[in-house]
Amino acid sequence: MRAGALHERVAFDEPTGTTDAFGGTAEAWKERHVCAAQWIYGKGDESVQAAREAGRKAYKIRVRSCAAMRAVTEGYRMRDMRRLTVWNVVEIDAVTDRAWVYVTVEGPQS
């Protein structure tokens with residue numbers, strides 16, 4: 001895999017919810033990592049097929065491995081910087097390949 005295939009730009013946001021004046025939680029996000037990425041159409045993965053059957057869009061994203069990317073968890077969200085869409089991070093694979101992290105995302109959120 002060449003780095004030249006990383007044509008997209010994505011940002012990963014960490015949830016930083018706070019308690020509001022009424023005791024509820026206010027949803028807030030803090031940007032933790034911005035990087036180049038490649039969108040991979042996942043045709044055979046079980047989680048991708050299950051999402052499609054439920055009427056949700058699901059993709060795999062390939063990004064370079066680094067300490068900041070390995071800190072991303074399933075509770076994060078991913079923003080597509082070019083299309084301005086927001087996706088839920090549902091799975092992180094940082095162990096299959098030492099050079100790359102594969103992220104499964106669903107969405108986009110409304």
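1. Start with Ala37: its bridge partner in strand S5 is Val63. That bridge belongs to the pairing of S4 with S5, which is antiparallel and has four bridges. Further along, Trp39 stands opposite Ile61 in S5. Two strands are called paired if DSSP finds at least two bridges between them. In general, strands of a sheet pair through backbone hydrogen bonds, in either a parallel or an antiparallel way.

2. Before you go on, a word on what you're looking at. This is a predicted model, in which local features need pLDDT of at least 70 and side-chain atom pairs count only at pLDDT 80 or more, while totals for chains, interfaces and linings use all residues. Residues are numbered from 1 along each chain as its sequence is written, and side-chain values use heavy atoms, with hydrogens and water left out.

3. Now the parts list. You'll find two helices and eight strands in the protein, and from the N terminus their order is β-β-β-β-α-β-α-β-β-β. Helices (H or I, at least four residues) and strands (E, at least two) are DSSP runs, numbered from the N terminus.

4. How do the strands come together? Six of them close into a barrel, in the order S1-S4-S5-S8-S7-S6, with antiparallel pairing. From one strand to the next, the twist averages 45 degrees. The angles here run from 0 to 180 degrees between N-to-C directions, with axes being lines fitted to C-alpha atoms, for helices over the stretch in contact.

5. S1 and S4 run antiparallel and are joined by eight bridges; here Asp13 has Glu31 in S4 as its bridge partner. S5 and S8 also pair in the antiparallel sense, over eight bridges, and Val63 has Val101 as its partner in S8. S7 and S8 pair antiparallel over five bridges, with Ile92 opposite Val103 in S8. S7 and S8 form a hairpin, with six residues between them.

6. Eight of its eight residues are buried, so S8 is largely enclosed by the rest of the structure. Buried means under 20% relative accessible area, exposed means over 50%, and partly exposed is in between (1.4 Å probe, protein chains only). Trp100, Tyr102, Thr104 and Glu106 point one way from S8, while Val101, Val103, Val105 and Gly107 point the other way. In a regular strand, side chains alternate between the two faces of the sheet.

7. Next, the largest nonpolar core, which has 16 residues. A nonpolar core is a set of buried Ala, Val, Leu, Ile, Met, Phe, Trp, Tyr and Cys residues joined through side-chain atoms within 4.5 Å. Which members touch the most others? They are Phe12, Val63, Met78, Val89 and Val103. The elements giving two or more residues to this core are strands S1 (8-15), S4 (29-40), S5 (57-64), S7 (85-93) and S8 (100-107). Nonpolar side chains tend to be buried together in soluble globular proteins.

8. Not counting residues up to four places away in sequence, Val63 touches Val10, Cys35, Ala36, Ala37, Met69, Ala99, Trp100 and Val101. Contact here means heavy atoms within 4.5 Å.

9. Why are there zero disulfides? The sulfur of Cys35 is 6.9 Å from the closest cysteine sulfur, in Cys66, and that's too far for a bond. A disulfide is a pair of cysteine sulfur atoms within 2.5 Å. Cys35 is buried, at 10% relative accessible area, whereas Cys66 is partly exposed, at 27%.

10. Have a look at His33 in strand S4 too. Is His33 buried or exposed? His33 is buried, with a relative accessibility of 13%. Leaving aside neighbours within four places in sequence, His33 is in contact with Val10, Ala11, Phe12, Cys66, Ala68 and Met69.

11. Finally, check the segment before S1, where Ala5 lies. Ala5 is partly exposed, with a relative accessible area of 21%. Its contacts, apart from neighbours within four places in sequence, are Ala37 and Gln38. Ala5 and Arg62 are 57 residues apart in sequence, and their C-alpha atoms are 9.6 Å apart in space.
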